[in-house]
Amino acid sequence: MTADQLQDLIAAGLACEHIDLQGDGRHWYATIVSAEFEGKRLIQRHQRVYATLGTRMQTDEVHALSMKTFTPAEWAAQPR
């Protein structure tokens, strides 16, 4: 799977203001910003992203996905 394919999958299932993906085709690191994360705990946010991938995590199309998830306000407060 390519970064573009993975980004498209996440964006198709989750309204994102920002997605940054890095990885080697099996191991991925993502920064995802979505208003849908408002009021959700970290585990709920991750579960929401995993839901966009469906069975791809189980079938090893995406072997590993580490992520940082932010609401738009949290993202705006991040130092750059």
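Trainee: What percentage of the 80 residues of the protein count as buried?
Mentor: The model is a predicted one. A residue counts as buried when its relative accessible area is under 20%. Of the 80 residues of the protein, the share that counts as buried is 31%.

Trainee: In what order do the elements of the protein run from the N terminus on?
Mentor: The secondary structure comes to three helices and three strands. Helix α1 covers 3-13, strand β1 covers 18-23, strand β2 covers 27-33, helix α2 covers 42-53 and strand β3 covers 64-70. Helix α3 covers 72-76. Read from the N terminus on, the order is α-β-β-α-β-α.

Trainee: What does the globule rule give for 80 residues, and how does the radius of gyration of the protein relate to it?
Mentor: The C-alpha trace spans about 35 × 25 × 20 Å along its principal axes. The radius of gyration is close to the value of the globule rule, so the protein is as compact as a globular protein of that length. Both the rule and the radius of gyration come to 12 Å.

Trainee: Among contacts between residues at least 6 apart in sequence, what percentage join residues at least 24 apart?
Mentor: A contact here means heavy atoms within 4.5 Å. Among contacts between residues at least 6 apart in sequence, the share that joins residues at least 24 apart is 55%.

Trainee: Which residues of the largest nonpolar core touch the most other members?
Mentor: This core has 15 residues. The elements that give two or more residues to the core are α1, β1, β2, α2 and β3. The residues that touch the most other members are Leu 6, Ile 10, Ile 32, Val 49 and Leu 65.

Trainee: Which residues does Ile 10 touch, not counting residues up to four places away in sequence?
Mentor: Ile 10 is one of the core residues that touch the most other members. Ile 32 and Val 49 are also in that group, and Ile 10 touches both.

Trainee: Is Thr 71 buried or exposed?
Mentor: Thr 71 sits in the loop between β3 and α3. Leaving out residues up to four places away in sequence, Thr 71 touches Val 33, Ser 34, Phe 37, Glu 38 and Arg 45. Its relative accessible area is 4%, and buried means under 20%. Thr 71 is therefore buried.

Trainee: Is Ala 15 buried or exposed?
Mentor: Ala 15 is in the loop between α1 and β1. Beyond its neighbours within four places in sequence, Ala 15 is in contact with Val 33, Ser 34, Ala 35 and Glu 36. Its relative accessible area is 51%, and the limit for exposed is over 50%. Ala 15 is therefore exposed.

Trainee: How many Å apart in space are Ala 15 and Ala 35?
Mentor: Along the sequence, Ala 15 and Ala 35 are 20 residues apart. The two residues are in contact. From C-alpha to C-alpha, the distance between Ala 15 and Ala 35 is 7.5 Å.

Notes
Residues numbered from 1 in each chain as written. Predicted model: local features only at pLDDT ≥ 70, side-chain atom pairs only at ≥ 80, totals over all residues. Heavy atoms only, no water. Core = buried A, V, L, I, M, F, W, Y, C linked by side-chain atoms within 4.5 Å. Buried < 20%, exposed > 50% of the residue type's maximum accessible area, 1.4 Å probe, protein only. Helix = DSSP H or I, 4+ residues; strand = E, 2+ residues; numbered from the N terminus. Rg over C-alpha atoms; globule rule 2.2 N^0.38 Å.
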